[in-house]
Structure formats: structure tokens, C-alpha cells
Amino acid sequence: MSGDVGPVSAAPHRGEIEPGSGVRIVVEYCEPCGFEATYLELASAVKEQYPGIEIESRLGGTGAFEIEINGQLVFSKLENGGFPYEKDLIEAIRRASNGEPLEKITNSRPPCVIL
């Protein structure tokens, strides 16, 4: 049958680089503090935007939610007191993907407070 295209794949073609490839993220978080859900939510949003990215999680000390991109600390809950906004992390990943210098994320959303 001429004209039969066959299955179509959304995967990158040979030689194409998947968005986020070459960028490695490490998130260190406090599990007893209940920060795993925040990590999973953030990791899911990042993977949706950058499927080729490598994300690793590590258990950290009390109150920790620290994010490194390619070995550089870009966010620290211990310093900022809150969690990063997804859009700020996505922008940092975009910069890393393009080989641009990374800046520390200083904007943060406050942690949940139960009244």
C-alpha cells in the first residue's frame, strides 16, 4: 500500500535531543516533615515540561527542601522559608538546557499553615 504512513510517534527522532536532556536535578527533602508530596508534585510538573530530564530525590534534614541543577544549589527552603514556584523552577531548567548561567531562586510560596 503506497501512502500508508504507519504508526506515528511523539518520541524524538534519532539525533534530536529530548527537552531537558543533559540537565540533572537533585531534590533533597525532609520526609518526616511531609514534603514528599510537594516533591512528587514538582517532579511531575517538571517531567511534563521536560520529559528527558533526570530527577533524583534524596532524604534531607529537618525542614529541608533543597534543589540542585547540574550540581548548583538553585533553591533552599532552609534559606527562603517556603517552597519554589513551579514556573521559577521551569525557567531555571530552561536556562540550564540552553547553557545559560543559573541564578538562585529567591521567590517562594509559603508552606501550608494549619489554623
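Colleague: What is the torsion about the S-S bond of C30 and C33, and is the disulfide right-handed or left-handed?
Modeller: The S-S torsion of C30 and C33 is about 70 degrees, so the disulfide is right-handed. A disulfide here is a pair of cysteine sulfur atoms within 2.5 Å, and the C30 to C33 pair has an S to S distance of 2.2 Å.

Colleague: What kind of model is this, and which residues count?
Modeller: This is a predicted model, in which local features need pLDDT of at least 70 and side-chain atom pairs count only at pLDDT 80 or more, while totals for chains, interfaces and linings use all residues. Residues are numbered from 1 along each chain as its sequence is written, and side-chain values use heavy atoms, with hydrogens and water left out.

Colleague: Back to the cysteines, then: how many disulfides does the structure hold, and is C30 buried or exposed?
Modeller: The structure holds one disulfide. C30 is buried, at a relative accessible area of 2%, whereas C33 is partly exposed at 33%; buried means under 20% relative accessible area, exposed over 50% and partly exposed in between, with a 1.4 Å probe and protein chains only.

Colleague: What does the secondary structure come to?
Modeller: The chain has three helices and four strands, and along the sequence they follow the pattern β-α-β-β-β-α-α. Helices (H or I, at least four residues) and strands (E, at least two) are DSSP runs, numbered from the N terminus. Of the 115 residues in the chain, buried ones make up 34%.

Colleague: And what share of the contacts comes from residues 24 or more positions apart?
Modeller: Among the contacts in the chain with a separation of 6 or more, 68% are between residues 24 or more positions apart, where contact means heavy atoms within 4.5 Å.

Colleague: Changing topic, how many salt bridges does a search of the whole structure find?
Modeller: The search finds eight salt bridges, each being a side-chain nitrogen of Lys or Arg within 4 Å of a carboxyl oxygen of Asp or Glu. One of them pairs R24 with E54, at 3.1 Å from N to O. R24 lies in strand 1 and E54 in strand 2 (residues 54–59), so this pair ties together parts that are 30 residues apart in sequence.

Colleague: Which residues are linked with R24 and E54 in a network?
Modeller: The network of salt bridges links R24 and E54 with E56 and R58. R24 counts as partly exposed, at 32% relative accessibility, and E54 is also partly exposed, at 44%.

Colleague: What about E91 and R94, how far apart are they in helix 3?
Modeller: E91 and R94 are three residues apart in helix 3 (residues 86–97), about one helical turn, and their side chains meet in a salt bridge of 2.7 Å, N to O. Another salt bridge joins K87 to D88, with the closest N and O atoms 3.3 Å apart; there K87 is exposed at 57% relative accessibility, while D88 is buried at 18%.

Colleague: Which side chain of opposite charge is nearest to K77?
Modeller: The nearest is E66, 7.6 Å away, and K77 is buried yet has no salt bridge; for charge, Lys and Arg count as positive and Asp and Glu as negative, while His and the chain ends are not counted. K77 lies in helix 2 (residues 77–80), and, leaving aside neighbours within four places in sequence, its contacts are F35, G63, F65, E66, G82 and F83.

Colleague: And E79, is that residue buried or exposed?
Modeller: E79, also found in helix 2, is exposed, with a relative accessible area of 54%. Beyond its neighbours within four places in sequence, E79 is in contact with L73 and K104. The C-alpha atoms of E79 and T106 are 8.7 Å apart in space, although 27 residues separate the two in sequence.
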